[in-house]
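Reader: Could you take me through this structure and tell me what each label rests on? I would like to see the cut-offs as we go.

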Amino acid sequence: MNPTFDPDSWSPEATATMETISTASQGSALLTTVNLAYIIAAILFIFGLKLLSSARTAPRGNMISAAGMLLAVTVTLLDQQILSYTALAIGVVLGAAIGAVAAYKVRMTGMPEMVALFNGFGGMASLLVGWSEWHFLAGLPALAMTQPLAFSQSVIALAVLIGGITFTGSLMAFLKLSGRITGRAVVFRGQKLLNLAVAAVILGAIVAYVLTGQSGAAYPVFIGLLILALTLGVLGVLPIGGGDMPVVIALLNSLSGLAAAAAGFAISNTVLIVAGCLVGASGLILTVIMCKAMNRSLGNVLFSGFGSTASSGTKGAVQGEMKPIGCQDLYYVLEAANRVVFIPGYGMAVAQAQHLVRELGEILEHNCTEVCYAIHPVAGRMPGHMNVLLAEADVPYEQLMEMEPINAAMEQTDVAVVIGANDVVNPAASDDPTSPIYGMPIINAHQAKTVICLKRGQGAGFSGLQNELFFRENTRMYYGDAKSSIQNLVSEFKES
Amino acid sequence: MILILLLFVFVLAAFLGFELISKVPSQLHTPLMSGSNAISGITIVGALIAAGRADGDTLALILGFCAVVLASINVVGGYLVTNRMLSMFQNKDKGGPS
C-alpha cells in the first residue's frame, strides 16, 4: 500500500486503480508459482525417464513421471484463463475411466496396438489444442498477442499437421496390428507421387495460411490443412507392412511428442515443450535402433512398400524340401538335448503360446537341459515386444538373451526351436547378396545342430521371402498352431 | 524474446532426451515406449486451458472437451499399462536370486 495514502482524498477511481494493481500482482505471483511447478514437473519427467533405464528402478521411474504429470495438471487448474471447471472435470473423469479400463483389460500380446491407439489419442489431443488456439487467436486483439502472429500461426499449423498425421497414422497401425485390416503393405500405382503431392499441398497450405493472416479468409485454408494432415497419416502408413511396425510405432511415438511440443509453442507453455521434446527424442532413438536392427534406412522402411508382394527375391535359389517332424520324434530330440534355445517371433504372440513355451522350458530344465531364449530386436510388432510377453509368462529374466551373445553360443547348441519367427532367422540375410533382407543381422539358428521350426503352414513370411532355413539339412518342420503344438509336446513329456 | 527462450528450451530438451534414452537396454523398450507415450499426454495441460477458457463459445468448448478426454485416456492409460508391464519384469528380478 501507498504509505502516503490520505483517507481524505479517497475516490472511487482510486480504489478501482488499486484493485487492478493488486489483482495484477496476485496474477503474476500465481503465474510464477505455476511456472515453478512446471519446472519441477519437467525435472520429475527427466528423472522418471532416467530410472526407466534399468528393470530394477523402472517402476519407480514410471511413478515419478506420473507424479510430474499430476503436478502439471494440478497447477494448470490454477490458471486464471480457466473460467469453468465443469467440462474439465467431466472430461478428465471420462478419459481416465476409459484409459484405466483399457490399460487393465489389454492382453500383453495386444500391447503394440494399445500403445498405437494411446499414441493416436495424444496426437489428436494436440491437434485439437492447436485448432482451439486458432479460435482463441482469432478473437484476440493484435495488441494482446505475446508472440509475432506469423510465429503463432506456424506453430499452430505444425501442431495440427503433426497431431493429425500421428492420429490417423496410429489408427492405421492399430487397425493393421489388430488384424481389422490387412497387415500387409498396400501399394498401388502412383502412390509415392500421390503422397508427395499431398505433402506439397500441405506445405502450400501452411504458407497460404500464414500469409493470409488470422482472418476469416484463412479458416477454409486451415480446415483444409487439417483434413490433409489426417489424410497423409493414412496414406503414409498404408504401404508399410506388419513386420516393419516396430519402426512405425517408434516413429509415431516420436511424432506424438513433437505434436505436444508444437502445441506447447502455440500456447507458450514450457512444460509442453520440454516433455514433448523429450518424447520426440526418445522415439527417434528407438526408430533408429529398429532400423539398424533391420539394416535398412528409415526412408526404405517408410517408402519402399516392403513385403507387399507374396513372392519375390530368391525363390528359385532355394533347394531341397521341408522335412516335417512329429510330436513323438520331437520329444526324443528335445529329451536328449543338453542345450536348447527358443527363438520366439510374432507367431508366438498371435498364438498366445508364451505360457506354454515357458512350461516346456521348465520341463526341459528339470530334465537337466540348459534353456535360454534368443530375442531379436525387431521380433514381434514393437520394440521389446517378446521381452514383455516372456516376462508376462514368468520366464526368468536372465534366460532372455540378446542377439550377439546368443549367436556366439549357437554352435554349441543342440536344438534351436524357432516359434513363429521367420525373417529374423533367415540365413539369406547373411549369405545371399540378392536377397532384399541381405545385411540384416539375424539370429544364427542354422548353426545349431538341429533346428526345429514351428509353423502354421508352408507359406512365406511377412517379407514374402522363402526362408532357406526351412529347407536345410538340419531343419525339421513341426507344423500346426504354436499353442496346441507345444501343448502336445508338454503332454508328451508329462506322460513319460 | 519469449520466442527465442522457448526455442532454447526445445533444443536443450532434445539433447537431454537423446542422452537419457540411449542407455535403455532393449529388454525395456516396450515399457519405455509406453511410458514416454504417457508423457506425451502432457498435451493435457494445453487441453485443460483450451477447454477451461472456452466460455460460451460452443465450438471451442467442444474442441477443448474432446482434447481433454483424449489426452486423459493417453495419460492415465499410458501410465497404468506401463506400470502393469514393469511389475511383471519386477517379479523376475526378485525371483532370480532367491
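Author: Gladly! Helices (H or I, at least four residues) and strands (E, at least two) are DSSP runs, numbered from the N terminus. By that rule chain B has 4 helices and 0 strands, in the order α-α-α-α along the sequence. This is a predicted model, where local features need pLDDT of at least 70 and side-chain atom pairs count only at pLDDT 80 or more, while totals for chains, interfaces and linings use all residues. Residues are numbered from 1 along each chain as its sequence is written, and chains are lettered from A and ligands numbered from 1 in the order in which they are written.

Reader: What makes chain B more spread out than a compact globule?

Author: The radius of gyration is taken over C-alpha atoms, and the globule rule is 2.2 Å times the number of residues to the power 0.38. For 98 residues the rule gives 13 Å, and chain B comes to 18 Å, well over that value, so it is more spread out than a compact globule. The C-alpha trace of chain B spans about 60 × 30 × 15 Å along its principal axes.

Reader: How do you know what share of chain B counts as buried?

Author: A residue is buried if 20 or more other C-beta atoms lie within 10 Å of its own, exposed if 12 or fewer, and partly exposed in between, with C-beta atoms placed from the backbone. Of the 98 residues of chain B, 60% count as buried.

Reader: And what makes a set of residues a nonpolar core?

Author: Such a core is a set of buried Ala, Val, Leu, Ile, Met, Phe, Trp, Tyr and Cys residues joined through C-beta atoms within 7 Å. The largest one here has 199 residues, and those with the most contacts inside it include L225(A) and A67(B). Helix α4 (residues 58–95) of chain B gives the largest share of this core, 18 residues.

Reader: How do you know which residues of chain A touch chain B?

Author: Two residues are in contact if their C-beta atoms, placed from the backbone, lie within 7 Å. On that basis 99 residues of chain A are in contact with 81 residues of chain B. The chain A side divides into 61 nonpolar, 30 polar and 8 charged residues; Ala, Val, Leu, Ile, Met, Phe, Trp, Tyr, Cys and Pro count as nonpolar, Asp, Glu, Lys and Arg as charged, and the others, Gly among them, as polar.
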